[in-house]
Amino acid sequence: MSGKIKSRSAANADTITGGVSCDERILRDCHQLYTDPGSGLISVAETVSVKLLPPRKKITVMLMGNHSAGKSSFINWYVEEHIQRTGVAIETQGFNFITSGRKRESLTGNATLHLYPHFKPLQEFKGVSEYLSTEICTSRQKRFSLVTFVDSPGLVDGDMKYPFDVDEVIMWLGDVCDLVLVFFDPMGQALCKRSLNIVERMNEKHGDRLRFYLSKADEAGGESDRQRVMMQIVQELCKRPGLNKCGFDMPTIYIPNPNKPSRCVNQIEEVCRTIEKTINQTVQNTLNSLEKDCELISEAITDTLSNDRQTSAMNRRARCKSCLLTLLGFTVPLALMALLVLGILSQELLEVALGPEGTETLSLYLTPVVKVFESLTVEQQLYGCGGMVLFSFLLLIIARFSFRTQPTLSGKQKRQLHEKLEYVQEVVKSKKKKLYDEYLRQSVSDQDMDL
């Protein structure tokens, strides 16, 4: 892509002609900032016990509704290739992922989960793995390079049995998809209770992701027939408290056919605008998450270094206390030994060793201790000596076990953390600002950017 500032339509034209749109490049660069093996944010965060998830490079759009509602036909129209089988019968029996790639390819269940690791929890649903598939095509029409479609099985009431718990799988996918398109067809299946039950449950958790459409609107007859069908659907939806809300909208859409013109208003471009809006919001959310994760990592590194400094100070205090108790522990037996030695030595020998003044000073301090010791019986003297020896051992044990030091970071580790903090603060944040500027330049002028 050239350095000139282009509008969104020009960026889309680049995508159609095989170039890379600005949004696609921003999502790709953000993903690279997280997953780079050497200096990615994920590896940096792991060093300070912070777990990050890499942003996805595409949005995920799930299509749901009763069978023959036109879900697969819409995907074929959007991609402008015949990828999904279509027909009145239940053609989609599992969950099909449709995405863009370098060459046309079909993947089975295990390969699909390897391609989309964030969908691996689907393995926990019994029987669903065999009904997963992926269709990769080279189309870059519209914004398909930034979209992964999930075509869900057609839902029906009655005795229809699925090889897996289709309701729970759809609910789980609704938790991870960015957008859920609900198709109601006017041919009598729009009021499928299974579809309405799932929609009501999903609306409680992710009402902002749901979009409702009356598909195959050109097959509903005249305008009065279409209005009657829409009223029936809206009435059925409004019976459910979770779906009875203000601002409900259900555009009419159908696949345009030049050989079969229709007077019905076709709002299928509204679906494209909804997908476009979701892509734009995803780009903004990704850039905002990048900034938040940088702050999270910076705060974690700062806290780690601060805690290490506090631990080092505590270790110094613990060593001082341990040394003091150890000194006291050895002082008691040394004092007993000194008393014993001094008692054995003669007065003349002490005067030779310490001098007259030293001997007199020693006698001054030791005379009270000697008198107290001599006033005790032999048995009391033995108990006293034993007690002092035991007390000294107790002090040594306390010094050994009560004031243990905590591990701290080495100089190399602290240096590496400072380097990572500098990398996050200066390199990643400046890259994020640059990407945000590039994103905004698609919509606003240089003059507005300079303000």
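## The chain as a whole

Among contacts in the chain (heavy atoms within 4.5 Å) with a separation of 6 or more, 77% join residues 24 or more positions apart. This is a predicted model, in which local features need pLDDT of at least 70 and side-chain atom pairs count only at pLDDT 80 or more, while totals for chains, interfaces and linings use all residues. Residues are numbered from 1 along each chain as its sequence is written, and side-chain values use heavy atoms, with hydrogens and water left out.

The chain holds 13 helices and seven strands; these are DSSP runs numbered from the N terminus, with helices being H or I of at least four residues and strands E of at least two. Of its 451 residues, 41% count as buried, that is, under 20% relative accessible area with a 1.4 Å probe and protein chains only.

## Helices H2 and H12

Let's turn to a helix pair. The axes of H2 (residues 22-35) and H12 (residues 411-440) come within 10 Å and cross at roughly 165°. Axes here are lines fitted to C-alpha atoms over the stretch in contact, and angles run from 0 to 180 degrees between N-to-C directions. H2 and H12 are therefore roughly antiparallel, the term for angles over 145 degrees.

The crossing of H2 and H12 is left-handed, meaning that the near helix is turned anticlockwise from the far one by less than a right angle. H2 brings Cys22, Asp23, Arg25, Ile26, Asp29, Cys30 and Leu33 to the contact, and H12 brings Lys431, Leu435, Glu438 and Tyr439. These residues split into six nonpolar, no polar and five charged. Here Ala, Val, Leu, Ile, Met, Phe, Trp, Tyr, Cys and Pro count as nonpolar, Asp, Glu, Lys and Arg as charged, and the others, Gly among them, as polar.

## Helices H6 and H7

H6 (residues 166-176) and H7 (residues 193-206) have axes that come within 10 Å and cross at roughly 30°. H6 and H7 are therefore roughly parallel, as angles under 35 degrees are called. Their crossing is right-handed, with the near helix turned clockwise.

On the H6 side, the contact includes Val166, Ile170 and Met171, and on the H7 side it includes Arg194, Ile198 and Met202. The residues of this contact divide into five nonpolar, two polar and six charged.

## A buried serine

Ser72 sits in helix H4 (residues 71-79). With 9% relative accessibility, Ser72 counts as buried. Its side chain makes a polar contact with the side chain of Asp151 at 2.5 Å. A polar contact is a pair of N or O atoms within 3.5 Å; within protein, one must be able to donate a hydrogen and the other to accept it, and residues adjacent in sequence count only if both atoms are side-chain atoms.

Terms used. Parallel < 35°, antiparallel > 145°, perpendicular 65-115°, else oblique. Buried < 20%, exposed > 50% of the residue type's maximum accessible area, 1.4 Å probe, protein only.
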